[in-house]
Amino acid sequence: MIVLDTNQLRHATFPHGAVLGMLRKLAEIGGHALALPEMVVIEHVARHQHEIEQAVTSARKALATLGKAFEEDLTNRVADLSAEEAAQKRRTELEDSFVPLPTPPGAADEALAREANRRPPAERVWEDAEGKPVKAHGARDVVIWLTILEAASQTSEDIWFVSMDRDFGNEDKSDFHDALREEAHARLGENADRLRLLSGGIDQLLKELATPARAPKDLEDLLKSDLVAHAVHIGMHGPNLFMALLPIASGTAHGFLSQGLTLNESRVLRSKAYQVDDRIWVSAQLACRATKTFHYSVPEGSDVFSPRLTKVNFRFEATVLIELENGKAHSAEVVSHGPITIEESPRWNELLRQGISGRLSPENLVPDARSSDLTQPNGHGLLRSATA
């Protein structure tokens with residue numbers, strides 16, 4: 001089991017980072033579960049909510065200033081944004097992506113006691129260099145440590161705790177602090193050796209799971225291949241994409257046909273490459289532009305429906321994992337994708353003016369069998385990978 005500390009979850013840029021995408025795949029290959037202590041989830045979600053609150057406040061101020069300049073009320077664009085909702089969404093994402101490790105009973109009281117007594121992994125300093133008292137802190141680190149100990153006592157598998165927090169390690173960063181190692185032996189006996197600290201963080205972990213490799217020189221070309229486009233289409237296909245690209249207006253929809261997604265552009269933001277046996281895995285965070293085509297019909301008489309077609313251009317970020325064999329892409333998978341931004345389109349505006357809305361259920365997502373694009377035969381499946 002691989003357990004991440006708060007600083008490493010941030011380092012992995014959850015949920016769409018290239019490092020995280022590589023970690024997920026290498027953990028899957030090695031049969032390692034990815035886990036988070038409950039306290040790490042709390043810390044991460046609290047920080048995320050704070051950042052969203054700051055962003056929304058800044059956006060409201062900026063829109064108010066622009067509204068005065070252009071004599072238009074623009075603040076309604078962020079009026080309904082809620083940092084609490086964003087925090088709950090992030091918590092759900094974490095719980096779906098990692099094995100949650102609950103805080104053991106009594107851990108909070110023990111943490112406060114250790115903090116007050118300067119016992120590791122709480123801060124051990126009583127005075128600073130000038131002899132002035134230093135305020136006690138580190139109770140959350142204690143809770144994380146007790147959670148890991150409890151998890152180790154409940155499993156027979158190895159547990160790797162990935163953290164760059166100096167309070168957990170000894171001076172040369174080769175192992176847990178001596179006091180923590182003694183506590184682990186007292187609690188776990190000879191099984192204490194199954195508990196390791198990787199103080200070099202995720203980068204150290206990846207090097208242990210695989211061999212760092214150079215990304216191929218033709219990575220940009222590989223990312224523009226039909227294989228990657230197919231993986232992006234599969235990863236984003238389904239009701240969520242359909243709904244995101246088809247805002248509700250007035251009127252009634254009839255006979256929607258959702259045609260395939262076309263990947264127009266994919267630009268590499270970051271990438272990581274590692275070799276496992278004879279395969280090279282490349283995780284790349286991409287900025288993508290794509291087009292999705294919709295066929296629909298609108299009523300022009302009591303029994304007459306006129307066919308329409310519109311193409312919607314949109315942007316998003318995605319983390320794509322590519323498996324290379326003998327220099328060629330063998331498979332590709334979208335491990336995560338970010339929010340969708342719709343680009344302005346005259347045909348899309350025409351659709352909105354016609355007032356199309358109504359039956360936006362998965363049953364509406366029937367692909368056009370005549371499409372030459374990369375279309376899934378089931379219309380609203382959520383397959384996750386493509387193989388050459």
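Student: Which side chain does the side chain of Ser 163 make a polar contact with?

Tutor: With that of Asp 5, at 2.6 Å. Keep in mind that this is a predicted model.

Student: What makes that a polar contact?

Tutor: The cut-off is 3.5 Å between N or O atoms, with one able to donate a hydrogen and the other to accept it. The side chains of Ser 163 and Asp 5 come to 2.6 Å, so the pair qualifies. The side chain of Ser 163 also has a polar atom 3.0 Å from the backbone nitrogen of Asp 165.

Student: Where is Ser 163 placed?

Tutor: In the loop between β4 (159–162) and α7 (178–188).

Student: Why is Ser 163 called buried?

Tutor: Buried means under 20% relative accessible area. Ser 163 has 0%, so the label holds.

Student: Which residues is Ser 163 in contact with, leaving aside its neighbours within four places in sequence?

Tutor: Among them are Asp 5, Asn 7, Gln 8, Phe 168 and Leu 197. The list also includes Ser 199 and Gly 200.

Student: How far apart are Leu 197 and Ser 163 in sequence and in space?

Tutor: They are 34 residues apart in sequence. From C-alpha to C-alpha, they are 7.3 Å apart in space. Leu 197 lies in strand β5, residues 195–198.

Student: Why does Leu 197 count as buried?

Tutor: Its relative accessible area is 6%. The limit for buried is under 20%, so Leu 197 passes. Leaving aside neighbours within four places in sequence, the contacts of Leu 197 include Phe 161, Phe 168 and Phe 176.

Student: Arg 118 lies in a loop. Is Arg 118 buried or exposed, and why?

Tutor: Buried, because 13% relative accessibility is under 20%. The loop runs between α5 and α6. Arg 118 has a positive phi of about 55 degrees, although it is not a glycine.

Student: Glu 71 has a positive phi of about 55 degrees too. Is Glu 71 buried or exposed, and why?

Tutor: Exposed, because its 76% relative accessibility is over 50%. Glu 71 is in the loop between α3 (38–70) and α4 (83–97).

Student: What makes Asp 226 exposed?

Tutor: Its relative accessibility is 61%. Asp 226 lies in helix α10, residues 226–236.

Student: Which residues does a cis peptide bond join, with Pro 15 as one of them?

Tutor: Phe 14 and Pro 15, with omega at about 5 degrees. A cis peptide bond also joins Pro 120 and Pro 121, where omega is about 5 degrees. Pro 121 is in the loop between α5 (107–117) and α6.

Student: How much space lies in the second largest pocket?

Tutor: About 260 Å³. Of its 13 lining residues, the closest to the centre are Glu 43, Arg 140, Asp 141, Asp 165 and Asp 167.

Student: Which helix gives the most to that lining?

Tutor: α6, with four residues.

Student: How much of the whole chain counts as buried?

Tutor: Of its 388 residues, 46%. The chain has twelve helices and twelve strands.

Definitions and conventions. Residues are numbered from 1 along each chain as its sequence is written. This is a predicted model: local features need pLDDT of at least 70, side-chain atom pairs count only at pLDDT 80 or more; totals for chains, interfaces and linings use all residues. Side-chain values use heavy atoms; hydrogens and water are left out. On a 1 Å grid over the protein atoms alone, a cavity is a set of points where a 1.4 Å probe fits but cannot get out, and a pocket is an open set with protein on both sides within 12 Å along at least five of seven lines; lining residues have an atom within 4 Å of a point. Grid points are joined across faces, edges and corners, and a volume is the space filled by probe spheres set on the points. Helices (H or I, at least four residues) and strands (E, at least two) are DSSP runs, numbered from the N terminus. Buried means under 20% relative accessible area, exposed over 50%, partly exposed in between (1.4 Å probe, protein chains only). Contact means heavy atoms within 4.5 Å.
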